[in-house]
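Visitor: Could you walk me through how to read this structure, feature by feature?

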Number of protein chains: 2
Amino acid sequence: MTSTPIADLWPTLPGADTRPEAAYRLLQAAVESFAERGFHATTTRDIATAAGMSPAALYIHYQSKAALLAEISQAGHAATLALVRAAAAGDGGPAERMRRLVDQFTVWHARARTVGRVVNYELHALPEDAYAVVAALRLDIEREVSALIEAGVTAGEFQVSEVRTAARAVTSLGIDVSRWYTERSSESPEELGRRYGELVLRMLGARV
Amino acid sequence: MTSTPIADLWPTLPGADTRPEAAYRLLQAAVESFAERGFHATTTRDIATAAGMSPAALYIHYQSKAALLAEISQAGHAATLALVRAAAAGDGGPAERMRRLVDQFTVWHARARTVGRVVNYELHALPEDAYAVVAALRLDIEREVSALIEAGVTAGEFQVSEVRTAARAVTSLGIDVSRWYTERSSESPEELGRRYGELVLRMLGARV
DNA sequence: TCGCTGACTAAGCGCTTGCTCAGCATGGTG
DNA sequence: CACCATGCTGAGCAAGCGCTTAGTCAGCGA
């Protein structure tokens with residue numbers, strides 16, 4: 001199985017087309033290295049070699065190793081937030097929209113698991129200013145999910161005692177997929193998305 | 001709030017009483033450093049300083065930095081497996097036992113979140129032989145949860161279409177707690193455990 | 001043909017890393 | 001007392017790190 005091109009996972013990646021091809025290759029190499037070994041265990045030589053260049057070339061396109069991480073993390077979070085907003089704002093009642101949200105959120109974390117790992121598990125390595133941006137995006141994602149649960153409760157479609165706890169559980173399930181999912185997993189991302197959608201609706205007390 | 005002593009979280013920590021106090025202090029310092037910064041971003045000087053010693057003292061008690069991680073990871077996984085087995089083997093029907101399992105699994109991952117982070121998110125840094133041991137323990141944990149779900153289905157208490165997917169979801173929810181839970185979280189570990197127990201039972205189609 | 005630019009490399013700098021080792025203080029044993 | 005094992009430190013080594021620098025070279029407008 002060839003891996004999904006990063007562009008498909010990051011529709012919001014700024015300047016994805018105008019950016020020099022070499023810069024894009026470095027970004028892709030960084031995603032794969034950070035996901036596999038973690039930020040601190042990845043060397044600039046790893047990234048440059050994987051992109052077919054010398055270490056110095058990295059610094060023509062990016063200010064630092066941390067700047068690469070910051071760009072990956074911000075673009076990844078922005079893409080996730082966009083996905084969540086689109087699913088939550090679509091047609092149907094709260095239950096239908098929640099099913100779609102969980103489905104797509106899960107599919108994304110399974111298919112884009114390399115990006116997902118960097119996005120969710122390398123936050124501590126971000127420079128402070130980049131972290132602030134990313135933290136705000138994460139808060140927005142959680143708020144979006146909470147709002148949808150609240151709408152479902154108001155509409156009488158969900159029965160939830162603690163909205164925040166339920167919202168945590170919903171996002172938690174999806175995020176953790178990027179930790180354990182591998183291309184050797186027996187379920188396809190789409191199957192998993194469908195099943196997780198079902199499980200979450202039950203969890204929220206919806207009749208299914 | 002003073003943090004829970006490691007001994008409480010690791011009843012199975014081998015030789016916890018016979019081990020020299022200095023070795024124990026190093027272990028505790030390593031847990032905290034690895035949890036906060038990750039294995040690769042933690043230096044042996046960090047650990048030794050936090051334990052009130054010089055870097056060289058570390059090598060009297062442990063063969064290497066990686067050996068410290070291996071010991072933490074193995075002991076942490078063994079403790080988790082013991083917890084899961086005890087909950088699954090206790091009194092009551094499958095639903096009652098599952099509620100107890102999720103409750104305690106969640107409480108552990110919230111209270112022992114520092115150990116939990118090392119255990120769940122630093123696997124890639126383990127030496128190969130230590131990883132093999134730990135991977136076997138993780139498989140046992142998953143099998144234990146799967147078996148309990150199957151028992152519930154057989155007894156007519158659960159309605160689950162894919163046992164493995166459901167088991168993944170159950171363990172996933174608990175594991176991810178160690179990622180996001182902080183001492184500033186609004187819920188106590190016990191509250192969270194109770195609520196997650198409820199959510200999981202609904203997810204498994206139990207009448208609650 | 002010319003000078004210029006932008007992408008790139010070879011070499012390596014200053015620093016930090018995991019780890020080692022000779023030696024020191026301490027306290028139990030003959 | 002001498003003797004030694006134990007637990008530890010100060011100093012430091014070899015390797016590897018992120019990043020910089022000086023310079024090469026293809027492409028291009030004039």
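Guide: Let's begin with helices: these are DSSP runs of H or I with at least four residues, strands are runs of E with at least two, and both are numbered from the N terminus. This is a predicted model, where local features need pLDDT of at least 70, side-chain atom pairs count only at pLDDT 80 or more, and totals for chains, interfaces and linings use all residues. Residues are numbered from 1 along each chain as its sequence is written, while chains are lettered from A and ligands numbered from 1 in the order in which they are written.

Visitor: Which helix of chain A gives the most to the surface near DNA strand D?

Guide: A residue is near a strand or molecule if its C-beta atom, placed from the backbone, lies within 6 Å of it. Helix 4 of chain A gives the most to that surface, with three residues. Helix 3 (44–50) and helix 4 (55–61) of chain A each supply at least two. Among the 16 residues around DNA strand D, those that come nearest are A:Thr43, A:Ser64, B:Ala22, B:Ala56 and B:Ala57.

Visitor: How many residues of chain B are in contact with chain A?

Guide: Contact means that two C-beta atoms, placed from the backbone, lie within 7 Å. By that rule, 23 residues of chain B are in contact with 22 residues of chain A. Helix 9 (163–180) and helix 10 (189–203) of chain B each supply at least two residues of that side, and helix 9 gives the most, with eight. The side of chain B that touches chain A divides into eleven nonpolar, six polar and six charged residues. Since 91% of the interface residues of chain B are also interface residues in chain A, the copies meet through the same surface.

Visitor: Which residues of helix 2 of chain A are buried?

Guide: Buried means 20 or more other C-beta atoms within 10 Å of a residue's own, exposed means 12 or fewer, and partly exposed is in between, with C-beta atoms placed from the backbone. In helix 2 of chain A, the buried ones are A:Leu26, A:Leu27, A:Ala29, A:Ala30, A:Val31, A:Ser33, A:Phe34 and A:Ala35. After that helix comes A:Gly38, with a positive phi near 90 degrees.

Visitor: What about A:Arg100: where is its place?

Guide: A:Arg100 sits in helix 6 (residues 94–111) of chain A. With 18 other C-beta atoms within 10 Å, A:Arg100 is partly exposed. Not counting residues up to four places away in sequence, A:Arg100 touches A:Ala87 and A:Gly90.

Notes: Nonpolar A, V, L, I, M, F, W, Y, C, P; charged D, E, K, R; others polar.
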